[in-house]
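Hi everyone, thanks for making time.

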Amino acid sequence: MIRRIGWWILGMAIGLAPGRLEIAAWASPPAAGSWESWTVSWREEAHEVRIYRPAGFPAHAPYPVIYLLSGWAMGLGMWERTDLEQAADAAHVMLVALQGEDGEVPSYYSIYSGLPWPQGSAWKVSFYDWFFQGVLPWVERRYPVRRDPGGRALVGFSMGGKGAFSLAAHRPDRFAAAVSIAGVLDLTRHDSGALRAVYGPPGADPLRVGADNPMELAVNLKGLTLLIFHGGADPEVHPAHSRRMHEALEALAYPHHWEELPGVGHEVSSLEIARIFELLVPVFRGTRSIPYPWSYRFAMARSRTVYGMTIARTRADVWSEVREVTPQGFIVRTEDALTVITPVWYPVGSRVRVEVFDEQTGAQLVRREVRAIGGRLRLDLPAGRWRVAFQLIRPRPDLRPAPPDLLGRMSRKPLCAWEDLICYRMAE
């Protein structure tokens, strides 16, 4: 106490020195950063999660969050390293470390559950569902972190590099950035016991592989900050994985950073960590906006919601995609009848002209005026390739009853927490 009083008196004396206007207050040094371990449960899955609270926590709240995805058999301890901790301290970023394994059974950070393995099946709930329905809400309830997409990034190594890019491709509206270090970014060009446990032998089920393959889903990544690092001397995952993703993103004209480091093997280097923080910190200072026009494709799922648009169909085992999406329209290519519920693009109750054309022939199939229920439109289309155009023609609410047509009428169920078709009911 005597020492503290002495420091306080010294601070007062310095603060009141000639030429100084402010008073220097005594303060204790910031607390050092620290790791803590938790188990996050959702439905039938419970897995360890490690949180790094940066130095000075929680002085710089709300914190951006980097979700770290480990490589197969690497464990969560791979991220407990001084260079990473110091970078997080300096950038005031919280780290959340995850591993895509369940008792050494790999998930490959995939959309699949019930994975076969010699010791018995595992992952009764897919990593995708456990992460989005369990981990993200848990972290954002418990810690003072940002809850907007601009404050979240995915960084993964090896199997986790695949996870960073595929999770971001499935839900590009939830993140600001995806980073792959020595990632398996083309599932068709790699083979391992872990890969076979999730996707089957090479060539056995191309759709199962394609629906979760970062290369097949690259079109979904528009608007994200994309960083790709790979050691030029990697003996485990060939650098061609990263080169091919770089080429795919170049063909799509999506900005990204690709770096192949000469002499570096299958590892996370200090240079890569420094470069990641150098490139991500400016991203966290901004906000994540919708990258109009955007595109999205998916398979092995009956519905997806992205950027506020719900896309649903009857069959899961087919491809469906929407392309060049804007509030003025989009292109649909689907192997099954598709229901599209738009985001809230229009004033509630306003009337919108909807036109549907055959994409290949240009023939007009539909021209209707419909009311935007809740500011949204619902469109039901058969399998095929269609171009849809919207035009707002009456911004003020029209109280006349809307005639029944192929767009239907729908309303959101009260207190429904899901962003999916189950949250909507059709009016009689």
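Let's start with a term: a crossing is left-handed if the near helix is turned anticlockwise from the far one by less than a right angle, and right-handed if clockwise. Before I use it, note that this is a predicted model, where local features need pLDDT of at least 70 and side-chain atom pairs count only at pLDDT 80 or more, while totals for chains, interfaces and linings use all residues. Residues are numbered from 1 along each chain as its sequence is written, and side-chain values use heavy atoms, with hydrogens and water left out.

Okay, helices. H2 passes H8 in a right-handed crossing. On the H2 side, the contact (heavy atoms within 4.5 Å) is made by Asp-83, Leu-84, Ala-87, Ala-88 and Ala-91, and on the H8 side by Ser-270, Ile-273, Phe-277 and Val-281.

So how do the two helices lie? H2 covers residues 82-91 and H8 residues 270-284, and they pack at an angle of about 15°, with axes 10 Å apart. That makes H2 roughly parallel to H8 (angles under 35 degrees count as that).

Now the rings. How many aromatic pairs does the structure hold? There are 21, a pair being Phe, Tyr or Trp rings (for Trp, the six-membered ring) with centres within 6.5 Å. Take Trp-345 and Phe-390: their centres are 6.4 Å apart, with 55° between the planes, so the pair is tilted, meaning neither stacked (under 30 degrees) nor edge-to-face (over 60). Both of these residues are buried, that is, under 20% relative accessible area with a 1.4 Å probe, protein chains only.

Technical notes
Axes are lines fitted to C-alpha atoms, for helices over the stretch in contact, and angles run from 0 to 180 degrees between N-to-C directions. Helices (H or I, at least four residues) and strands (E, at least two) are DSSP runs, numbered from the N terminus. Angles under 35 degrees count as roughly parallel, over 145 as roughly antiparallel, 65 to 115 as roughly perpendicular and the rest as oblique. Buried means under 20% relative accessible area, exposed over 50%, partly exposed in between (1.4 Å probe, protein chains only).
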